[in-house]
Amino acid sequence: MSSISKKDDEFRKEVKEGNLWRVIFKVCLPLALYSYLTQLFNVLDTIMASGISSSAVSTVVYMVQLQHIVLALGTGLAVGSAILISHAYGKGDSEEIKSINSTSLSIAMLLSLVIAAIIPFTASILRAARTPEIFIQEGTLYFSITLIGIIIQFYNTIYISNERCRGRSRKILFINLSAVAVKLALTALFVYVLKLDIVSIALASLISYLFIFAFAISSFKRKDDPFAFSIRYIKGFGLMKKILKLSFPSMVEKIAFSYGKASVNNMAANYGSDIVGAAGISNNMSGLLTGIQTGFQDGGVSIQGQLYGSGDLERTIKAYRHMQLVIALIGLVGFFIMNILKSPIAYLFSISRTGYDENFHQIICEIFTYELLGCLLLSFAYASFSILLALGRTKTVLFINFARVFIFRLPVIYFFQTFTNLSYIAVGYTMAISNSSIGILAFILAELSIKSEKKAFYKKV
């Protein structure tokens, strides 16, 4: 028999009764710091790839979106599992927590077998995804190793979401930053000392994933813990269906979003392969801002999910209002800071083994200027996603991100390429339009969802 620990019970009580500002910053600040530093290390990682060559960084940037398409299966599963676990955690039901966690891990095992089976056919898959041949030649082995890493990440994402639900933000920060430090050190060794190619970057990532995996395995094996794995607690089709019902929209949303990004990269390649790299670098740079907001979003989902699971709708909405204000302020301050830092950061990406590329530096800055402009309204999307996911409205999040790619992004860049004489700056315009539009749409749908929840709640009362 598993039971919720005294420490977990104290955290549940603090979320339900404590000062909301204190709870939000206690849970979200370490997650935001972790997310920011992870993005910072991603920037440094990309700088190292650009140190090989501009074609190398373009290959890595392109492959990352394909990687996210496959990884979406695991992250989507973790989202559905985390929503149900946070609701059960809010109720204090340890048996339900263990059943959900064990069943989710069993689904992850099945997904792992599927991914393992496609690794031998990596080159064919890349061609089927309409990957430019130049990227296939340089990135096939890189992507094969990445697929192995994705299998490990399936379990890591479930483990991290469990720790987040328990309010163990500092532990998440320590583990992930240690893993990122391992990855960064290995990448620097492989690229700058041993002068290896991009395959070494994939190997460094895989080793860092295994570092987190060791903690995950230790957690899943722990006895008398509701978050441990037990074959006996794997439930049948009923619970699997419930998990997948929440997870599937998130999987589809993440797959569609990454596929859309890959499609945009395909269209950006019409302006030259270097534009793909510049657009990806711009996205990494904006991640230094949006990464912080993502950390608050993730923490907000856990806090609001627990409150919703405990039946306190009023406090759930109050927590969301707090989150709106915090994330909007982060977006506003970050906008001005990143505008000041854009040229120095872009300069670092413009230096390779062949020297400084002034033209590449200029392209990065121009695209980033417009992408950053769109981040102002995009702030509302991160706050909105926190409440929508906490309420279990994964289909709404699916619709929002589907619209982001297939209404506000792909048609827009197609329009610019077909009906205007704009050069690569069309990529920047597209990012500004899609990010701004999605912030507005997410805000509207979040407010409508809250109104619907209130109506249903007071009808029961």
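The pLDDT is the predictor's confidence in each residue, on a scale from 0 to 100. The structure described here is a predicted model, and the mean pLDDT of its protein chain is 86. A score of at least 70 is reached by 95% of the residues. Among the elements of the protein chain, the highest mean pLDDT, 93, belongs to helix 11, which covers residues 313-349. The lowest mean, 73, is found for strand 1, formed by residues 351-352. Where pLDDT is low, the predicted coordinates should not be read in detail.

Charged side chains pair in 11 salt bridges across the structure. One of these joins Glu14 to Lys26, with a distance of 2.9 Å from N to O. Because Glu14 belongs to helix 1 (residues 6-17) and Lys26 to helix 2 (residues 20-52), this pair ties together parts that lie 12 residues apart in sequence. The two partners can also be described by their accessibility. Glu14 has a relative accessible area of 16% and is buried, whereas Lys26, with a value of 40%, is partly exposed.

A further salt bridge is formed by Arg166 and Asp225, whose closest N and O atoms are 3.3 Å apart. This pair links distant parts of the chain, 59 residues apart. Arg166 is located in the loop between helix 6 (133-165) and helix 7 (169-193), while Asp225 is located in the loop between helix 8 (199-220) and helix 9 (237-268). Arg166 has a relative accessibility of 5% and therefore counts as buried, the limit for this class being under 20%. Asp225, at 7% relative accessibility, is likewise counted as buried. Both residues also take part in a network of salt bridges, in which Arg166 and Asp225 are linked with Glu163, Arg168, Lys171 and Arg222.

Helix 11, the element with the highest mean pLDDT, contributes Arg321 to a salt bridge with Glu447. The closest N and O atoms of Arg321 and Glu447 are 2.7 Å apart. Glu447 lies in helix 15 (residues 425-460), and the pair thus connects distant parts of the chain, 126 residues apart. Arg321 is partly exposed, with a relative accessible area of 34%, and Glu447, at 23% relative accessibility, also counts as partly exposed.

Notes. Residues are numbered from 1 along each chain as its sequence is written. This is a predicted model: local features need pLDDT of at least 70, side-chain atom pairs count only at pLDDT 80 or more; totals for chains, interfaces and linings use all residues. Side-chain values use heavy atoms; hydrogens and water are left out. Helices (H or I, at least four residues) and strands (E, at least two) are DSSP runs, numbered from the N terminus. A salt bridge is a side-chain nitrogen of Lys or Arg within 4 Å of a carboxyl oxygen of Asp or Glu. Buried means under 20% relative accessible area, exposed over 50%, partly exposed in between (1.4 Å probe, protein chains only).
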